[in-house]
Amino acid sequence: MTQVKARWEHYEHGADIGVRGLGASKGEAFEQAALALTAAIADPAAVRPLERIELGCEAPDDELLLAEWLNALVYEMATRRMLFSRFAVRLEGTRLTGAAWGETVDVARHDPAVEVKGATYTTLRVAPQGEGWLAQTVVDV
């Protein structure tokens, strides 16, 4: 059996940006989608995981839960003026409990490229893929 390597990627979608997370578990795919969200704004490697923020959300299905998770992160980034580079997700049915580690935005060091306004339902998908899971959607920039 091949071990799934957790990773994130972007994909083209008009003026917006597709964010995709792949992982061995559904939770890991959600974590990688969050990392792709950060990478749409700045290099995640430049964001130090100094402060931990707890998050929680609930939705009727996996796809809507992914959108809620990413939108909760967008809200935290906007209100706290932070970027995040490390994530932990625990899924229990239709409930997500998570944490994000990051730091206050330093424009000179992080050089933010765009402002993400929120996750959309465009190409929203959470599904098994090969030996692992895929979690993707388009974010409005």
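Which helix and which strand each supply at least two residues of the lining of the largest pocket? They are α2 (62-80) and β4 (82-92); helices (H or I, at least four residues) and strands (E, at least two) are DSSP runs numbered from the N terminus. The model is predicted, so local features need pLDDT of at least 70 and side-chain atom pairs pLDDT 80 or more, whereas totals for chains, interfaces and linings use all residues. Residues are numbered from 1 along each chain as its sequence is written, and side-chain values use heavy atoms, without hydrogens and water.

**Aromatic pairs**
- The whole structure holds 2 aromatic pairs (ring centres within 6.5 Å, the six-membered ring for Trp; planes under 30 degrees apart are stacked, over 60 edge-to-face, the rest tilted).
- Trp 69 and Phe 87 pair edge-to-face, at 6.2 Å centre to centre and 80° between the planes.
- Because Trp 69 lies in helix α2 and Phe 87 in strand β4, this pair ties together parts 18 residues apart in sequence.
- Phe 84 and Phe 87 also pair edge-to-face, at 6.5 Å and 65°.
- Trp 69, Phe 84 and Phe 87 form one aromatic cluster.

**Charges over rings**
- Lys 26 lies over the face of Trp 133, 4.9 Å from the ring centre (NZ of Lys or CZ of Arg within 6 Å of the centre and within 35 degrees of the ring normal).
- Arg 86 lies over the face of Trp 101, at 3.9 Å from the ring centre.

**Val 116**
- Val 116 is in the loop between α3 (107-110) and β6 (118-119).
- Its relative accessibility is 7%, so Val 116 counts as buried (under 20%; exposed is over 50%, partly exposed in between, with a 1.4 Å probe and protein chains only).
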